[in-house]
Amino acid sequence: MSDDIILRVENLRKHFIVGRKGLIKREPVTVKAVDGVSFNVRRGETFGIVGESGSGKSTIAYITMGMYLPTSGTITFNGRDLFGQGDRRPLDLRKEVQIVFQDPGSSLNPRRTIRQILELPLSIHQPEKDRLTEIIRLLELVDLPPEFMHKYPRQLSGGERQIVAIARALATNPSLVILDEPTSALDVSVQGKVLNLLIRLQRELNLTYMFITHDLSVMRNLASRVAIMYLGRVAEVAEAVHFFESPQHPYTQMLLSSIPVLTEAEEALRPAQIRSTGEIPSPVDLPSGCSFHTRCPQVMDHCRHIDPLMVPIDVTGSDHIVRCHLFEQANGQVSS
Amino acid sequence: MAEIAVSPAPDLTDVDELARIQRQNRRENLGRMWFKFSRNPLSVIGLLMVIAIILLAIFAEFVTPFPDHVRPFTDFVNAKKPPGGEYLLGTDQFGRDILSRIVFGFRFSLLMAVVVLTLVVPVGVTLGMVAGYFQGTIIDTIIMRITDIFLSVPPLILALAIASVLTPNLTNSMIAVSLMWWPWYARLVYGLSSALRTEYFVSSAETIGARTPHILFREILPNMISPIFTKMSLDVGWVIIIGSMLSFLGLGVQEPQPGLGTMVAKGSDYLPTGQWWMAIFPALAIVVVVLGFNLLGDGLRDLFSAEEV
């Protein structure tokens with residue numbers, strides 16, 4: 001069971017110091033961008049992470065890529081600690097985990113041709129191969145004509161740029177690709193094309209995706225399992241079907257009921273309308289107890305003081321974990 | 001029936017073909033840039049002035065009527081001749097042709113600007129780029145505090161101090177100007193580089209495992225070329241002014257070599273006695289050089305800032 005887990009995230013925390021307060025003691029003021037997150041990504045699946053802006057989902061991606069060091073907690077990839085050597089991650093680990101950023105306008109260097117952009121990962125990770133042939137193969141893999149290699153990013157459309165960014169991520173032959181809102185900067189008409197390409201590539205290359213988005217309809221179409229984040233913590237993890245059909249956490253219910261729907265069929269799937277109240281609190285000054293208690297329609301007294309644990313529930317069968325006092329039983333407490 | 005001409009698909013594995021496509025792209029880019037640049041008549045005038053001055057300076061021996069007059073030379077018969085006739089801009093107190101000396105003076109001014117900028121730009125850009133990329137670390141602190149120290153000394157005083165401690169000549173005035181000039185490049189590039197380092201394409205290169213020199217010189221530097229280039233073209237004029245100032249004060253080009261500043265200084269002795277051409281024409285020459293480079297620089301700045309959009 002454990003050997004089909006490709007990425008194991010355990011109790012991950014990332015606190016950014018944003019300033020200091022106090023004249024003498026100078027205590028750091030921190031933003032708890034990620035505050036105790038655990039989840040597993042299984043080989044070959046599309047693990048979705050949803051959440052509002054500021055919920056810490058991109059931070060998880062950047063930590064996994066090694067752009068930030070975690071404050072505490074561990075991430076293991078195929079059993080190897082990603083931070084075993086600080087931020088000097090060995091090349092063979094870098095090769096395995098790649099990322100596609102949200103904004104294709106900024107993720108491709110405007111002064112370099114597509115050929116130069118694709119050459120960089122090849123020259124670092126596969127110096128023995130013929131680069132030109134490899135570039136042509138990569139472009140064909142993502143359905144772009146080979147003459148694109150002579151273009152500069154500004155000569156491409158947003159969708160084409162994002163496809164080049166995907167090709168670059170694939171250049172090292174990774175097994176895990178992190179997709180950080182890969183379609184949110186694109187026109188709706190192009191989104192579908194990019195998503196279909198991602199699905200095809202996953203099938204052809206046996207990729208595992210960690211898919212980060214705030215677009216629930218995209219998530220519904222792509223993800224096999226979904227984790228929902230709120231203020232740097234995971235509120236609920238479930239298989240996509242169960243996540244959308246029988247959400248358990250009050251926050252998930254609130255979020256899903258706010259999706260605009262078009263058809264009666266969709267309306268039937270939607271949970272009863274729950275009015276979303278209040279604003280997401282500041283991550284600098286987290287509420288005590290359960291961080292959702294300020295907006296939760298089912299708030300109980302002890303929610304304000306005690307932080308709930310992740311508990312597995314069997315309402316929907318396998319693998320449904322919820323962090324909420326409503327589901328805590330004296331015997332069922334685990335922390336995964 | 002009309003034939004439809006289909007150009008054969010380029011053979012992308014052919015190196016020559018690749019080079020040809022790249023050359024063609026570059027030509028098209030240059031054409032587009034020239035079109036934009038030429039929309040502003042002032043920029044074109046600036047460019048023509050600069051080209052004219054550079055050509056005059058290079059071929060000074062052949063275009064000036066009296067190339068001997070820049071070497072030790074006296075001709076008291078023709079001293080202090082007013083403009084006109086054989087001496088178009090008049091002669092100085094030793095009978096030397098002012099026009100010839102001005103054209104050779106361009107040579108020293110341009111030499112000053114070229115040497116100073118080739119010394120200053122690589123140093124300032126590299127230091128600023130490294131400091132900006134390592135923003136917040138000890139490397140940043142060391143480099144930028146040294147820069148601040150240089151910036152906190154009044155520039156002309158620093159140049160004067162250096163030029164007067166060392167023997168006053170052209171080389172030392174170049175060293176003096178270079179020492180006061182590099183911090184401005186470090187500052188400009190520091191800001192650009194610290195902004196660029198948070199761009200996703202830099203993060204991407206880092207996470208792929210690219211080495212720091214690649215990130216600095218291949219990813220970050222090409223994105224700063226336009227502002228650096230613009231500053232350089234505007235700075236040529238300023239360096240020439242500072243150089244002329246130093247030679248006016250006797251710390252730059254030495255007689256009998258014709259520095260524009262030196263000529264203004266010597267000529268100004270004769271202003272009260274009515275020989276105005278000895279000071280005014282070299283001064284106007286400085287104005288023309290600086291104006292030409294500033295117009296060109298403004299044109300380039302507009303061109304590059306339009307390109308960014």
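Select chain B and colour it by burial: 39% of its 309 residues are buried, where buried means that 20 or more other C-beta atoms lie within 10 Å of a residue's own, exposed means 12 or fewer, partly exposed is in between, and C-beta atoms are placed from the backbone. Before going on, note that this is a predicted model: local features need pLDDT of at least 70, side-chain atom pairs count only at pLDDT 80 or more, and totals for chains, interfaces and linings use all residues. To find your way, number residues from 1 along each chain as its sequence is written, with chains lettered from A and ligands numbered from 1 in the order in which they are written.

You'll find 12 helices and zero strands; helices (H or I, at least four residues) and strands (E, at least two) are DSSP runs, numbered from the N terminus.

Next, show both chains. Here 23 residues of chain A are in contact with 19 residues of chain B; contact means C-beta atoms, placed from the backbone, within 7 Å. Which helix gives the most to chain A's side? That's α4(A), with three residues. By class, this side of chain A has 13 nonpolar, six polar and four charged residues (Ala, Val, Leu, Ile, Met, Phe, Trp, Tyr, Cys and Pro count as nonpolar, Asp, Glu, Lys and Arg as charged, and the others, Gly among them, as polar).

Then select A:A167 and A:M210. Of the 157 residues in the largest nonpolar core, these two touch the most other members. Such a core is a set of buried Ala, Val, Leu, Ile, Met, Phe, Trp, Tyr and Cys residues joined through C-beta atoms within 7 Å. Stay on A:A167: leaving out residues up to four places away in sequence, it touches A:L118, A:L138, A:L139, A:L141 and A:V142.

Last stop: A:R20, in strand β1 (residues 5-21) of chain A.

Notes:
Two residues are in contact if their C-beta atoms, placed from the backbone, lie within 7 Å.
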